[in-house]
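This report covers a predicted model.

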Amino acid sequence: MILLDIPTFFGRLHPLVVHLPIGFLVLAALLDWASYWPTYKSVRAAVPLALGAGAASAVVACGLGWLLSTTGDYAPALLDNHKYSGLALAGVAVLLYALITPAVRAYVALPKKVFSGAFVAVLGLMSYAGHQGGNLTHGSDYLSLSVLTETQRPKPTSLEQVFVFEDVVQPMLTRRCGQCHQDGKLKGKLRMNTHADLLKGGKHGPAIVAGNLTKSELYRRVTLDPAHKEFMPTDGKTALTRNEVALLKWWIEKAAAADNTKLTAVKGSEAVQPMVAGLLGLSGSTDAVVQEAGNDAHPPNPAIPMTGDTARITAARSQGFVIRIMNHKPLMLDVTWPKKTGQPVVDLAVLTPLAKHIIWLNLSDLNLTDSQLKAVTQYSNLEKLRVEKNPISNEFLRSIAGLSYLQALNVYGTHITSAGLTALKDMKRLEKIYAWQTTITASDVQRVFKDSSNVEVIL
Amino acid sequence: MSHHHHDDEFGPRHAWLHTPELAKLNEKLDRRRFLTKTTLGLGALAVGSLWGGRQLFGGVAKAPNELTEDTQEAILKALPHFAPKAKRVVYLFMSGGPSQFETFDYKPKLAAMFGQSLPDSVRKGQRLTGMSANQSSLPIAPSVYNFSQYGKSNTWVSELLPYTAGVVDDLCIIKSLYTEQINHDPAITFFQTGNQLPGRPSIGSWVSYGLGSDNENLPTFISMISKNGNDQPLYSRLWGSGFLPTRYEGVQFRSGKDPVLFLNNPDGYDGTDRQEMLTYLKQLNEMQQSGFGDPEIDNRMAQYEMAYRMQTSVPDVMSIAGEPDEVFDLYGPDSRDPGTYAANCLLARKLLQKDVKFVQLYHQGWDQHGGLPGGIKNQCKNIDQATAALVTDLKRTGLLDDTLVIWGGEFGRTVYSQGKLTKDNYGRDHHPRCFTMWMAGAGVKSGITYGETDDFGYNITQNPVHVHDFQATLLHLLGIDHERLTFKSQGRRFRLTDVHGKVVNDILS
């Protein structure tokens, strides 16, 4: 029921109505000043009308503005500037108009030149109030001198073009801290617009000290316990992600907190390059990933395509596959064919269009043979594969040796032997092989993998 | 006139909708009344909202239900927030508050302090329960049971848990849990729902709501309680859905002939009749739903359908007849006795194998205010072998790779004896400031101990883990950002961790 929000409705007329006093008062000033020229002498008679209309509409605009101020979330300081300058303007306009009414003029005769001069004040006040109103609506950086001088940095398109401070750290700080630590709102007397601002710092000393994390107040604040009262950003604003903190740390410690330095020029920058690429969305990459998985120490495999055809998922589901979306971007799938009595033979063909998205796959206990499972070798991004309790042999193990992202392989209750294990020896990411209920023994495992391997074989 | 108007609106097809309740509702929206009220009230309302009445009226303007549904849909669509490590959870809840001193938190220095009064510098004026607050002294009671180091990780475990000690390299033992609650009811409700007051959804319900089902023939969230529990009571709200739709509530499975109450057809009642009855019932419900739009009707329909599918799936999964003897040997002799903790552990493994997402076991009897040495020995004996067997069984079948196992109670116990302390007998009161839990499996480091307590086992000295931190970590492992899984109820958004909770990154693998 919109009826209840009368103040909002009328309040929103303020930006419209506010242009009436602007027009009328400019007109009044124009008429008054023009009347000094003989050609326009006659227009002086119209000044009281224009001024009166200006004063009246200014009062109405003030009223509507007040309504609007009660309904919107405006920064109190900016709001006050606008409110009081607007009220002052309306007051001056009303006063001026009063001074030229015949009733008042009987007592006080305002000299003509003073009256004309007063319009300078009116227009000045009007410009100020109007500008403050603009700041409220569009933000205080909407129309300022810095807009004239500011140059937009082009977004880097490769890691080689990235400047550590200008492209990584500064945008990050602007994003997370800018709201409170910028021109106009210098909380804690800290301004964070430029590199120099950070070195200068605020009330509590420098925000950044090159190479010294403990003395860098900024770093201390963002790494405190979020419940701590000095934690930044405060007031429930979005905190820096783990990656952002890590980059900040790296910049202060390893990149000497310097500006004007290329990322690739800093020694050891390889360590943070993937993170930077993710943050800036470089190399066809993982912008969304790093943002989304902000808390995850292991970013997803970049070979997984970002998006996939969801119609294919629906199609595979209708065939009987249970498909769980593990992650949206990149699209990662966990696929299971549940064991049912009297089930048809599993047809993996329907999964082919989704091959690169299949990360976990469970085809256990389905009486599948090596050849029926051949399609699995196409699922190049597989991380967990369950094929336990199927009549498969070493040939299957040899066929999957190319699945370079595989971390866990479940082959318990199958016909595999220690000879098959050898085929898995060079799979770099493989961590777990579940081989219970096979002929494989602990000494087989020892012989094949030695002690140095990351692989744990569970028997 | 106005009656005629109503008929137009709902049409003759819905003549049955002329119930007294609906007539009343219609009257409320009667056009004439509406105009009278609004025009007369308009000025007052406008003034009211001018004078700081915004909070009072502001929200009314925005059809709240529609907004909520939109947002809720968006929230669910974003899940999972990142790739999960765990696909299922089995939570072994040790109700009553197991003592950390006789299980995992080895405090050798206490032996020399037998019977000494607990220093005030340690207690720091902490509130005690009414049960021991009036004791004239708080004598330190060292554990009567010995500890040894086990596994490659050299982890200290009490002699009461020999089987658990055998799988200690698979566990991540957290000694620094703490809670805000000191009594059972609020503490267990806090653990299971994130708030000490009843009414919030349980962890399993949040998970079920957020992630949905991986097996449409079984409930996503199942709870089981060991039989013969005669200790602190358990309540269905611990697996309840709170303000979430009721279909996300945990379904309690019982031992015996009827694992799920009222699921089987009554004797002499034909299954076809049942199906026919359900089909008609569904039609009736759909009519009701189109008239009233109550989402609970949808839930009711979903539950009837689930119940029907469970008529075949439940007897299958609850039957342990097909298990080889070797499995019963692994879980211990109790596992042949339906309803015991061991039998429930075995069932839990079977449910997890079927991709049931959240299985919650409760085992009561850990509340040893007196006679602790005897009581806890018995408790440990009842759970030790089966717990270790569950870990072993999940590991050898590969399920531990994407299953998270959790063991723990609602709080710990005091270092001082409640009641009389003798060489071989004492009691321990509730202690919220530190206690031990363990996690194992998907996404959690194995063979580590996290967090430290002081020499008195009274305060945490390193890496405290709050209940909300634990909950945040659990959700994290399932691919859920605990701050983003929210539900709007009664005008505000709720989450499992309220406004708290930090993922314990240090224990993530």
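## Helix α15 of chain B

Just after α15(B), B:Gly479 has a positive phi of about 90°. The helix itself spans residues 467-477 of chain B and is mostly covered, with 11 of its 11 residues buried. Buried means under 20% relative accessible area, exposed over 50%, and partly exposed in between, with a 1.4 Å probe and protein chains only. Among the buried residues of α15(B) are B:Val467, B:Phe470, B:Leu474 and B:Leu477. Helices (H or I, at least four residues) and strands (E, at least two) are DSSP runs, numbered from the N terminus.

Helix α8 (residues 184-193) of chain B packs on α15(B) at an angle of about 30°, and the axes are 9 Å apart. Axes are lines fitted to C-alpha atoms, for helices over the stretch in contact, and angles run from 0 to 180 degrees between N-to-C directions. α8(B) and α15(B) are therefore roughly parallel to each other, a term for angles under 35 degrees. From α8(B), B:Phe190, B:Phe191, B:Gln192 and B:Thr193 meet B:Val467, B:His468, B:Phe470 and B:Gln471 of α15(B), where contact means heavy atoms within 4.5 Å. By class, this contact has four nonpolar, four polar and no charged residues. Ala, Val, Leu, Ile, Met, Phe, Trp, Tyr, Cys and Pro count as nonpolar, Asp, Glu, Lys and Arg as charged, and the others, Gly among them, as polar.

## Nonpolar cores

A nonpolar core is a set of buried Ala, Val, Leu, Ile, Met, Phe, Trp, Tyr and Cys residues joined through side-chain atoms within 4.5 Å. The largest has 59 residues, of which B:Val90, B:Leu92, B:Met224, B:Phe253, B:Leu351, B:Val359 and B:Trp438 touch the most other members. Helix α14 (residues 372-396) of chain B gives the largest share of this core, 10 residues. A second, separate core has 53 residues, including B:Tyr209, B:Leu238, B:Leu244 and B:Leu477.

Not counting residues up to four places away in sequence, the partners of B:Leu92 include B:Tyr341, B:Leu361, B:Leu390 and B:Trp407.

## Selected residues

B:Leu211 belongs to helix α9 (residues 203-211) of chain B. Its contacts, leaving aside neighbours within four places in sequence, are B:Pro80, B:Lys357, B:Leu478 and B:Ile480.

Positive phi values near 50° occur at B:Asn154 and at B:Asn463. B:Asn154 sits in the loop between β2 (147-150) and β3 (155-158) of chain B and is partly exposed, with a relative accessible area of 47%. B:Asn463 sits in the loop between β14 (460-462) and β15 (465-466) of chain B.

In chain A, cis peptide bonds join A:Met232 to A:Pro233, with omega about -10°, and A:Lys329 to A:Pro330, with omega about -5°. A:Pro330 lies in the loop between β3 (322-327) and β4 (332-336) of chain A.

## Chain A and confidence

Chain A has 18 helices and nine strands, and 43% of its 459 residues are buried. Its mean pLDDT is 86, and 93% of its residues reach 70 or more; pLDDT is the predictor's confidence in each residue, from 0 to 100. Over residues 284-296 of chain A, pLDDT stays under 50. Where pLDDT is low, the predicted coordinates should not be read in detail.

## Conventions

Residues are numbered from 1 along each chain as its sequence is written, and chains are lettered from A and ligands numbered from 1 in the order in which they are written. In this predicted model, local features need pLDDT of at least 70, side-chain atom pairs count only at pLDDT 80 or more, and totals for chains, interfaces and linings use all residues, while side-chain values use heavy atoms, with hydrogens and water left out.

Notes. Parallel < 35°, antiparallel > 145°, perpendicular 65-115°, else oblique.
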